[in-house]
Every structure is written in C-alpha cells, then in structure tokens.
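Here is a short report for a first look at this structure.

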2 protein chains.
Amino acid sequence: MVLDSTHDVKRRSWVESAGVSDGDFPIQNLPFGVFHRSGEDDRGGVAIGDSIVDLRALSATGLLTGRALDAARAASAPTLNGLLSLGTTAASALRAQLSTLLSVDASPEQRALSARCLVPMTGAELSLPVAVHGFTDYLCSLDHTMRMGRTTLPAAFKHLPIAYNGRPSSVRLSGEPVDRPWGQWTSEEEVRFGPETALDFELEVGAFVATGNELGRPIPIAAAGEQLYGLCLLNDWSARGIQSFESAPLGPFLGKSFSTSISPWIVTTAALAPFRVPSRRRETGDPPVPEHLDDPVDRESGAFDLTLEAFVVTPAMRAAAAAPARLTSTNFRDMYWTFAQMLAHHASNGCNLRPGDLLGSGTTSGPTDASRACLAEITRRGADPVNLPNGEQRRWLEDGDEVILRGRAMREGCVAIGFGECRAIVRPALDR
Amino acid sequence: MVLDSTHDVKRRSWVESAGVSDGDFPIQNLPFGVFHRSGEDDRGGVAIGDSIVDLRALSATGLLTGRALDAARAASAPTLNGLLSLGTTAASALRAQLSTLLSVDASPEQRALSARCLVPMTGAELSLPVAVHGFTDYLCSLDHTMRMGRTTLPAAFKHLPIAYNGRPSSVRLSGEPVDRPWGQWTSEEEVRFGPETALDFELEVGAFVATGNELGRPIPIAAAGEQLYGLCLLNDWSARGIQSFESAPLGPFLGKSFSTSISPWIVTTAALAPFRVPSRRRETGDPPVPEHLDDPVDRESGAFDLTLEAFVVTPAMRAAAAAPARLTSTNFRDMYWTFAQMLAHHASNGCNLRPGDLLGSGTTSGPTDASRACLAEITRRGADPVNLPNGEQRRWLEDGDEVILRGRAMREGCVAIGFGECRAIVRPALDR
C-alpha cells in the first residue's frame with residue numbers, strides 16, 4: 001500500500017465543502033459512484049465535499065491524460081463495471097489526476113474547467129454504482145459466529161472464510177425502502193406462512209472486485225489485494241424466522257434474498273491505504289493459516305481500520321425529530337479473515353469472478369457487547385430487548401424503523417474519510 | 001396446458017431430418033437456442049431435425065407477423081433474454097407460425113423463403129442461450145434427499161422446496177470441459193488443500209424464467225406456470241469433499257461453483273404440454289401443501305413426464321470406441337415439488353426474478369436403484385464402486401471421464417421430443 005501525494009494531509013481542495021473537518025468526502029477520499037441529474041442519464045462521478053465531479057463531462061475537458069482519461073471515459077457509462085474492469089492501476093491514475101485538479105494548487109484554467117464539471121449532491125440522484133452480477137456473503141467475524149452459533153464454531157471456520165452465494169437481483173441502493181418479507185417459520189411446532197416478525201439488520205462491509213479471473217484460473221493470495229477495487233457499507237437484511245427454518249442443509253435463501261442495501265460510493269482501496277493494519281493474529285491453538293491463503297503483505301496490512309456504526313430511527317423518534325439511536329459501534333480490523341483471503345478462497349476452486357462482483361464481509365461484530373452488529377446478537381435472538389433513549393424497546397425491527405449504517409476510516413496523523421450513509425426504512429408487509 | 005396444431009402427431013416437416021423417429025427435434029419440438037456460423041455473431045435459432053432456423057434471417061423474410069415477428073426480432077440478439085422477457089404467449093405465437101412454415105403444408109413460397117434461413121447444425125457453433133443473471137438450485141427429490149441425508153429428512157423438506165443461490169458466472173454450455181477443482185477437505189482428521197478426489201455429477205433439469213417479477217411483488221402459484229419459459233438438462237457438478245467440509249452452516253459454495261453445465265436448447269413448456277402429468281401425491285402423514293404453493297392446475301398437470309439418463313465414457317471406453325455406459329435412468333415426474341412451486345416459493349418473500357434466470361431442480365433421483373442420479377448415491381459416497389461394462393470401476397469421476405446427460409419426453413400417442421445432450425469431459429486439475 002503505497003502512500004502518495006493523494007494522501008497528503010496538507011492537501012486542500014478549492015471545493016470548500018471538502019474541507020469540513022468531519023465530512024466524509026475530503027480530497028483524500030475521492031470515491032466513485034453513479035448519478036444523474038433530472039432529465040439526464042446515469043454516469044460515473046466522484047464525490048468531493050457536497051459535490052460530485054461528473055466524469056463524463058470531465059473526460060471531455062481535455063484536462064485528463066493517459067490511463068486517467070481511459071478510466072474517466074469508462075466511468076462515463078451508466079454503471080462502473082467498465083471502470084472496474086480496467087483495474088486498480090487505472091483507478092489510481094485517475095485518482096492522482098483528480099486530486100491535482102481539485103487541489104488548491106491547480107492552475108486557474110484547471111480549476112475553471114473542473115468547476116464546470118461539479119454537480120451539487122442536492123441536485124443529483126444516485127444509482128447503484130455497478131450492475132451486480134455476483135454477490136457473495138461471508139462469515140468473517142469470529143465473535144458473530146460464536147454468538148450466533150450458541151454452541152461450537154463450525155468445523156471449517158478457522159480453515160477457510162465460510163461463504164454462500166447471495167442474490168444479486170435484490171441488491172439495492174441506500175435510500176430504497178425494504179418491504180417486510182413474507183415467509184414460512186415454525187411457531188409452537190406449527191409451520192406458518194406470514195409476514196416475518198424477527199426482522200434484523202446486519203452491519204457489513206462490501207468489497208467490489210476489479211478485473212476478476214477466468215474460469216479455472218485461481219487468484220493467488222499475493223494477487224488478491226489488487227483485485228479489491230474498493231469498499232462500501234452493506235446491510236444484509238435478515239429474516240431470522242425464515243432463515244432458521246429453511247437453512248438446513250443448503251444455507252440461507254429467502255431469509256436474505258428479499259433485499260440487500262449498499263451505500264452509494266465505492267471508497268477505493270487506494271484511498272484507504274493509510275488505514276491498512278495487520279490482519280488479526282491467530283490465537284494459540286488455532287490452526288495455521290492455509291498456505292494458499294497466507295501472504296506476508298496480507299499479514300502485515302490485510303485488514304482495514306474502519307469504525308462502523310449502526311443506528312435506528314423509530315417512527316416515534318422521527319416524529320419527535322430525535323437523533324438516531326446507536327445500536328452498534330465496531331471496528332472492521334477485528335475480523336478473522338481479510339478481504340484478500342475471502343477473494344483468494346472464492347477463486348481457489350477455479351470459480352470466476354467478474355468486474356463489479358460484490359463480496360459482503362458478514363456481520364462485523366467484535367468482542368465487546370457494544371460491537372454486536374445485528375439485533376440477533378444484541379437482543380439474544382429477541383430474548384433481551386434493547387432499550388432506546390426515548391424509552392422504546394426493540395427485540396426486532398418494526399414497521400417504519402429506519403436503519404442507518406455509517407463507516408469512517410480515522411487514524412492519528414491522517415485526514416479521516418467516510419463512506420456516506422447506508423440507510424433504509426422498513427415498510428409493512430404487503431397485503432396478499 | 002392447451003394442445004393445438006403444433007402438437008399434432010400427424011404434422012410433418014419438409015425438413016427431412018426432422019422426421020427421424022428417434023430424433024430430438026421433430027416439428028413438434030422447436031426449441032430455442034443461440035448459435036453462430038464462422039465469422040458471424042451470435043443470434044437466436046430454432047432446432048429442427050439436424051438444422052437450425054436462423055431467427056434473425058427469418059425475421060427479415062416478411063413471413064412472420066404480429067407477436068411472432070416481435071419474438072423473432074427479440075431472438076435476433078446474441079442472447080435470448082429479450083425473447084424470454086416477452087413471455088410465453090409471444091413464444092407460442094412464434095412457435096405456431098414456425099410450425100406452419102416448416103410443415104409440409106407450407107406454401108411453396110413459404111417453404112422456399114424459410115429454407116434459405118436454415119443452417120446445418122454441423123456448420124454452427126452453439127452458445128449459452130441466455131445470459132444467466134440468477135441461478136438457483138433446489139432439492140426437489142425426496143429419494144435423493146433421503147439417500148444423501150443418511151438419517152432424517154431436513155425439517156423444511158416437505159413444507160417448502162429447499163434451495164440455495166448457485167453461482168451464475170460459471171454456468172457453461174454443454175461441450176465445455178470441466179477442470180477438476182482444488183479445495184479443502186478433511187482426511188484422517190487433517191484439513192488438506194489439493195485437487196478434489198470425490199468429483200461427482202448431478203443429473204438435473206433446468207428451468208428458464210420468462211418475464212419475472214418486480215422486487216417485493218410475489219408470483220402467485222396460479223401465475224407461476226406461465227413464468228416457466230422452458231426446460232433444459234443441467235449437470236450440477238459437485239466436489240463432495242469440498243462440499244462436506246464447507247457447508248455448515250451456510251450451505252454449498254466452492255463444492256459447486258467451479259462449473260455447471262447445461263444443454264444448449266430451451267425446450268419450451270408449450271412443446272412439453274402433451275407431457276404434463278399430475279404432481280406427486282403426498283403420502284399419508286405428510287403435511288398438507290402450503291396454501292401459497294397449492295394450485296389445482298399445478299396438482300393436475302404440474303409435473304413433466306421426462307425420461308432422464310446419465311452416461312459415462314471413460315478414456316478406456318473412448319479408446320475402444322465403446323458405447324457410453326448408462327449410470328442412471330430416472331423420470332422427472334417423481335419429484336416432490338413442481339417447478340411452479342419452486343418458482344412461487346422463490347418469489348414468495350418478494351425476491352425478484354429476471355428473464356432468463358435459471359432454476360435447477362436438484363438431483364432427479366427416483367425411488368429405484370436404477371434412478372439414483374449422482375455417484376454419491378450410486379456408490380454410497382464411494383463405498384461401493386459401480387461396475388462399468390468394460391470391467392472398469394468408478395467410485396467417483398476420474399480425469400478424462402465424460403458425463404453425458406440425455407432427456408426425452410415420450411408418451412403413447414405423442415411424437416417424442418428430446419433435449420439434445422448435455423456433455424462435458426473432466427480435465428485434470430491445473431498445476432499450481
């Protein structure tokens with residue numbers, strides 16, 4: 001993870017809103033997303049302060065050159081799959097030129113031309129950054145797995161990052177509501193069909209695959225890092241009653257496939273370089289890391305130091321204009337497996353990954369009570385309701401509840417960068 | 001399921017090869033696929049005897065009208081997703097006009113113009129008929145589930161068609177070889193990583209979704225039948241060692257995702273109308289069919305009477321030019337769940353399905369020993385090797401073995417129709 005001038009803490013942007021101290025999008029971030037203005041079509045953009053750089057417009061200014069120009073042209077499409085297929089090197093080239101153009105050191109001409117490509121976020125509608133062709137969800141938190149399993153750890157947990165194929169068609173952008181699903185579950189030994197009562201969120205981190213691999217050709221662990229284009233926040237909505245009943249022996253299906261929410265911006269691994277930390281060390285008695293998932297660089301800097309939080313806003317809180325109530329505060333550095341390991345494992349049997357494929361980390365719970373990252377853990381599967389500041393309680397999510405995920409990379413001596421929110425409101429089950 | 005002139009047993013085609021008595025593609029079949037000739041691009045076609053009707057060429061002749069013309073134009077694209085998105089009614093309109101044009105009753109002009117659109121199969125290369133955006137694999141055979149589970153049936157089996165999300169990216173066309181996957185499994189209580197030894201096939205039927213549904217809007221069981229565009233043969237290659245080790249608690253992942261093979265032709269549900277039979281009756285003591293998966297038409301005609309077979313050709317058999325050895329002969333009518341029930345269940349939580357989404361039935365084993373539809377059942381997980389006619393034995397698939405699936409709908413008083421083969425050869429694991 002090379003640090004360069006794009007990470008320079010002294011670099012400032014002429015976009016004033018990018019200088020706000022607790023903002024998500026300083027000039028050190030520059031995440032990619034897809035947006036349109038009313039009457040226009042979707043195209044790629046880069047967040048800076050409270051604005052978006054229109055990459056289609058920027059690629060027509062003549063300001064960009066070489067691979068950065070190629071990248072911006074690829075990002076002019078309605079999805080960023082083409083951009084991701086160019087790989088992380090092209091992304092870094094674009095990042096470097098963008099950082100220069102947006103900095104206070106830009107020439108007057110650069111600044112004037114770039115400024116014409118800025119769109120205020122308030123006037124833009126965001127879309128899914130990629131067409132999600134593949135979505136895989138993992139189980140990378142030891143603490144989550146221990147709390148959910150109640151008894152022993154799955155046999156494979158410490159040998160490989162356990163995963164299942166998710167449903168790509170129902171991945172949705174932050175802001176889109178979630179309909180409470182119907183399904184089958186057991187109650188008093190009877191099987192019933194109706195709206196799920198045990199509706200839960202899962203606070204996860206998502207990773208987008210860059211170029212991917214051909215079928216039959218694995219991605220060695222040493223090459224996995226450069227296949228990680230960037231990260232987002234991901235809410236793996238879970239219907240616990242449906243999931244419990246259906247999951248033996250083939251795993252979760254309808255308990256998950258009704259919706260998955262992601263935050264709109266792809267925060268690049270380039271931007272996150274200052275926040276890389278060693279991967280979690282194995283404890284005495286743990287099996288060694290399998291050779292094909294072990295790599296010195298990954299050991300040294302495979303994890304991300306990201307503060308992750310989940311909040312809820314109930315209808316009563318909304319009516320009272322109360323602040324969102326925090327349910328979880330955790331850190332992504334505590335996971336048992338790294339994203340590079342997850343990706344290398346995924347391709348280890350020859351399975352092909354494609355540009356824009358989405359990997360979900362699994363619930364990011366840490367060891368402390370405060371870091372339990374879903375209600376099933378927080379309320380011990382509904383047994384102990386959580387108390388909200390306004391006196392309300394929750395065992396599971398209720399209609400009208402909004403879940404908000406936030407994520408932020410912070411470190412002494414670095415400019416903090418954020419992910420933007422991943423939020424969605426629970427709508428009542430549809431009548432049938 | 002309405003029978004019409006396209007099913008008329010007396011109807012004959014002027015394409016002579018369509019009249020061969022044991023052929024797969026008589027005029028009563030007319031399945032859809034995608035092909036190209038050398039130097040041309042992919043487009044939709046319809047199999048008739050040993051030829052293919054080029055639908056792009058046919059749509060330019062002026063012979064087609066109305067919805068049939070719309071369908072043929074949609075089928076001129078390199079994938080049939082657009083055709084499927086028009087629904088089964090448009091498919092039937094095209095089927096009806098094609099049947100007329102290809103019949104001996106066609107006018108001389110119709111025949112002359114249509115003949116110019118015929119391409120010999122020997123000069124065509126077939127491609128995947130659709131871009132597979134979603135792939136879901138089920139567990140619909142009671143007999144397979146009983147034999148694989150060894151102890152008791154999963155709690156949900158008789159309440160819902162158990163399923164998991166498969167990996168769409170590695171769905172491949174018949175003829176493409178399968179690389180023996182690497183993976184982790186346990187041997188003498190040690191976890192190892194290397195080429196899978198317990199490589200297996202699973203004889204399945206695939207179904208393609210027609211128009212699909214919007215997120216949040218279920219597909220009622222009464223509407224599920226018309227969402228089934230057509231069927232194919234599907235080999236759900238399985239790495240049993242990998243699968244056993246990884247599957248708790250999230251289900252199969254790398255044990256399946258290295259490859260899934262399908263036959264090239266979509267045999268439409270319209271063509272299969274004469275072969276519909278009542279769905280399997282529940283036994284005394286079975287729970288009732290859940291209301292949202294119960295429908296009188298499905299009860300009456302939800303199943304398909306399809307003879308399904310699996311064969312193997314070993315390298316020694318190939319060298320001796322021996323006939324393929326049959327491993328399995330089963331019938332799809334014996335499944336516990338119908339495709340309409342699988343589809344209605346899939347969408348019952350609001351999950352959206354898209355045109356061309358692929359549903360795999362799960363291993364189609366029946367009650368008899370002859371109908372065990374994977375090696376894990378036939379050899380009792382490798383314990384009892386199967387004897388081949390040339391004296392060889394197999395516990396699992398070996399390098400160079402080719403698996404061939406065949407399927408055929410036959411019924412007294414009907415012209416039999418076939419699926420074409422689904423075949424693939426096992427290549428040795430790649431060196432690492």
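## The area between the chains

In this predicted model, chain A and chain B bury about 5,000 Å² between them. Of that, 59% lies on carbon and sulfur atoms. Buried area is the accessible area (1.4 Å probe) that two parts lose on being put together, summed over both. In chain A, Arg167(A), Leu250(A) and Phe253(A) lose the most area to chain B. Together they make up 16% of what that side buries.

The contact (heavy atoms within 4.5 Å) takes 54 residues from chain A and 54 residues from chain B.

## Salt bridges

Two salt bridges are counted between chain A and chain B. A salt bridge puts a side-chain nitrogen of Lys or Arg within 4 Å of a carboxyl oxygen of Asp or Glu. The side chains of Arg167(A) and Asp357(B) meet in a salt bridge, at 2.7 Å, N to O.

## Helix 6 of chain A

Helix 6 of chain A spans residues 142-149. Helices are DSSP runs (H or I, at least four residues), numbered from the N terminus. Its buried residues are Leu142(A), Asp143(A), His144(A), Thr145(A) and Met148(A). Buried means under 20% relative accessible area (1.4 Å probe, protein chains only). Their cover includes helix 8 (240-246) and helix 12 (375-378) of chain A.

## How to read the values

Residues are numbered from 1 along each chain as its sequence is written, and chains are lettered from A in the order in which they are written. Local features need pLDDT of at least 70, side-chain atom pairs count only at pLDDT 80 or more, and totals for chains, interfaces and linings use all residues, while side-chain values use heavy atoms, without hydrogens and water.

How values were computed. Buried means under 20% relative accessible area, exposed over 50%, partly exposed in between (1.4 Å probe, protein chains only). Helices (H or I, at least four residues) and strands (E, at least two) are DSSP runs, numbered from the N terminus.
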